Every structure is written in structure tokens, then in C-alpha cells.
Amino acid sequence: MKDEQRPLPPLTQAEGEFIDRYLAVIDSLARVNPTRAEHTYAALRAAQTLVREAEALRDALITMHTRGETEVFSSTLLRAIRELDGARRVQRLAIPEEGR
């Protein structure tokens, strides 16, 4: 049976941007992970992207704060991260155990 994707929880535009930028940072950081990188040039490009994505994440949080969105609703954002395959993406940051 195929897993059905549930709809994302309702998010403000700024919260959506926050989640998108957070996951982009995770993806870029995973590409820089020295236990997974194969070439320095690819890791360098990922590091450059990481800087841009971190700035975009900061900007999303500034937007939220400026608009008066002063609280982070962790449970709602966690649901969104899970629906966007965040758990698998974060696993790419891990250092593999010895012998694997």
C-alpha cells in the first residue's frame, strides 16, 4: 500500500518560507558533510550555497518577527517538516557508524 501524503498544516507565508529555508540549510549542510562528500569542489559549492541559504533563513525569521509573528509553533512546524521529508534529510547530516 502506498503511503499517502497528508496535506501540510496551515502556515503563514513567512512560516512556509522559514521551513523551506531551514530544510535548504539542512540539504546544503548534508552536501558539505565530509563523511559523504566525494570532491572538494562539490563541497565548496555546497558551502557557498549554505551561506546563501542561512542568510535566507535569517531573512525569513526577520520577516516573521517584523510581522509580529513572535512565537514559533513547534508542533505545527514539526508536522510540516515531517511532511516535507525532513527526518530523512536530517539523517544525511549524521556521521556513519564505524564499519559502514
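User: Why is α1 called roughly antiparallel to α2?

Analyst: In this predicted model, the axes of α1 and helix α2 (residues 40–66) cross at roughly 160° and come within 8 Å. Angles run from 0 to 180 degrees between N-to-C directions, and those over 145 count as roughly antiparallel (under 35 is roughly parallel, 65 to 115 roughly perpendicular, the rest oblique). Therefore α1 is roughly antiparallel to α2. The contact of α1 with α2 holds 17 nonpolar, three polar and five charged residues.

User: Which residues of α1 meet α3?

Analyst: Glu15, Phe18, Ile19, Tyr22 and Leu23 in α1 meet Leu77, Ala80 and Ile81 in α3, where contact means heavy atoms within 4.5 Å. By class, this contact has seven nonpolar, no polar and one charged residues.

User: How do you know whether Glu38 is buried or exposed?

Analyst: Glu38 lies in the loop between α1 and α2. Its relative accessibility is 71%, so Glu38 counts as exposed (buried is under 20%, exposed over 50%, partly exposed in between, with a 1.4 Å probe and protein chains only).

User: What should I know about the numbering and the model?

Analyst: Residues are numbered from 1 along each chain as its sequence is written. Local features need pLDDT of at least 70, side-chain atom pairs count only at pLDDT 80 or more, and totals for chains, interfaces and linings use all residues, while side-chain values use heavy atoms, leaving out hydrogens and water.

Terms used
Helices (H or I, at least four residues) and strands (E, at least two) are DSSP runs, numbered from the N terminus. Ala, Val, Leu, Ile, Met, Phe, Trp, Tyr, Cys and Pro count as nonpolar, Asp, Glu, Lys and Arg as charged, and the others, Gly among them, as polar.
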